[in-house]
Amino acid sequence: GGPRTMQEEEQGGMPVPSDLMGNMMKRLFAEVRSTDADGNAVISVGWGGDIPLFPPFVGLGSLVVGLLLARILGRRPFVPAPLNLLIVRVAIFAAAVGIIAQVKSACDSEMAKQNAGVNFTPVGGIVTTGPYEYSRNPLYVAVCGLLLGCAVLFDSAWLLLSGLLFPLYVHTLVIPVEEAFLSKLFPDSYPAFLATRPRWFGPF
């Protein structure tokens, strides 16, 4: 993720329920601008903004689409035996969630060191350590892993196919915007980061 246009309101460390809908609407309809109230450069996210949909919404939507297709057209199992046993699929999903939680925690820790938050908060620097040593977008990779884990859990080829919507959306409409923004914001350091880290993982 990169810069965002709003700050979440909290009470007692937890989001105020009455504010959640308002925050979601801010995600859906962007306030198109180049800086936030403090003068920090930002990317506007939402319909009409730099990025049309908040990426987690797309991930959730792809999961819903897969579940609907499985409900209407049949589950279409794809996991081979003996991995298709329910207890094995649950274990695989639990392991995926655990790994993703560790990646998220590591990303948050490394970003805090550079004063660079996730979810499109203002960026204070380029993070090149931790998970970012292996990928320019480890959180997007983690979401792809979670969607794959869901497909395995439900053993549905429809979820496997619908899960491709998230990486396709991020690859074509999100990451290019973020990379152009960061290249302009950090012209001396970001190009080197682009040249030495894969966009996704390994050769991709």
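Mentor: Let us begin with Arg136. In this predicted model, Arg136 counts as buried because its relative accessibility is 13%, and the cut-off for buried is under 20%.

Trainee: With which residue does Arg136 form a salt bridge?

Mentor: The general idea comes first. Side chains of opposite charge can pair when their charged atoms come close. Here, Arg136 forms a salt bridge with Glu179, and the closest N and O atoms are 2.6 Å apart. Arg136 lies in the loop between H3 and H4 while Glu179 lies in helix H6, so this pair ties together parts that are 43 residues apart in sequence. From C-alpha to C-alpha, Glu179 and Arg136 are 9.7 Å apart in space. The two side chains are also joined by a polar contact of 2.6 Å.

Trainee: Is Glu179 buried or exposed?

Mentor: Glu179 counts as buried, at 11% relative accessibility.

Trainee: Which residues does Glu179 touch, not counting those up to four places away in sequence?

Mentor: Glu179 touches Arg136, Tyr190, Leu194 and Arg199. With Arg199, Glu179 forms a salt bridge in which the closest N and O atoms are 2.7 Å apart. Glu179 lies in helix H6 and Arg199 in the segment after H7, so this pair ties together parts that are 20 residues apart in sequence. Arg199 is buried as well, with a relative accessible area of 17%. Taken as a group, Arg136, Glu179 and Arg199 are linked in a network of salt bridges.

Trainee: How many salt bridges does a search of the whole structure find?

Mentor: The search finds five. One of them joins the side chains of Lys113 and Glu110, at 3.3 Å from N to O. Lys113 and Glu110 are separated by about one helical turn, because they are three residues apart in helix H3 (residues 86–113). As for accessibility, Lys113 is exposed, with a relative accessible area of 61%, whereas Glu110 is buried at 13%.

Trainee: Where does H6 bend?

Mentor: H6 bends at His171, by about 40°.

Trainee: Which residues of H6 are buried, and what covers them?

Mentor: The buried residues of H6 are Phe166, Pro167, Tyr169, Val170, Val174, Ile175, Glu178, Glu179, Phe181 and Leu182. Their cover includes helix H2 (55–73), helix H4 (138–154), helix H5 (157–162) and helix H7 (190–196).

Trainee: Let us turn to aromatic side chains. How many aromatic pairs are counted?

Mentor: The idea is to read the distance between ring centres together with the angle between ring planes. The count comes to three aromatic pairs. One of them, formed by Tyr140 and Phe166, is edge-to-face, with 6.2 Å centre to centre and 70° between the planes. This pair links distant parts of the chain, with Tyr140 in helix H4 and Phe166 in helix H6, 26 residues apart. Both Tyr140 and Phe166 are buried.

Trainee: Why is the pair of Tyr190 and Phe193 tilted?

Mentor: The ring centres of Tyr190 and Phe193 are 5.8 Å apart and their planes stand at 45°, so the pair is tilted. Tyr190 and Phe193 both lie in helix H7, three residues apart, which is about one turn of the helix. Tyr190 is buried, with a relative accessible area of 5%, and Phe193 is buried, with a relative accessible area of 5%.

Trainee: Finally, is Phe204 buried or exposed?

Mentor: Phe204 is exposed, with a relative accessible area of 66%. The place of Phe204 is in the segment after H7. Leaving aside neighbours within four places in sequence, Phe204 is in contact with Pro198 and Arg199. Phe204 and Ser135 are 69 residues apart in sequence, and their C-alpha atoms are 9.4 Å apart in space.

Notes:
Residues numbered from 1 in each chain as written. Predicted model: local features only at pLDDT ≥ 70, side-chain atom pairs only at ≥ 80, totals over all residues. Heavy atoms only, no water. Bend = angle between axes of the 7 residues up to and from the residue. Helix = DSSP H or I, 4+ residues; strand = E, 2+ residues; numbered from the N terminus. Buried < 20%, exposed > 50% of the residue type's maximum accessible area, 1.4 Å probe, protein only. Contact = heavy atoms within 4.5 Å. Salt bridge = Lys/Arg side-chain N within 4 Å of Asp/Glu carboxyl O. Phe/Tyr/Trp six-rings, centres within 6.5 Å; stacked < 30°, edge-to-face > 60°. Polar contact = N/O pair within 3.5 Å; in protein donor to acceptor, adjacent residues only side chain to side chain.
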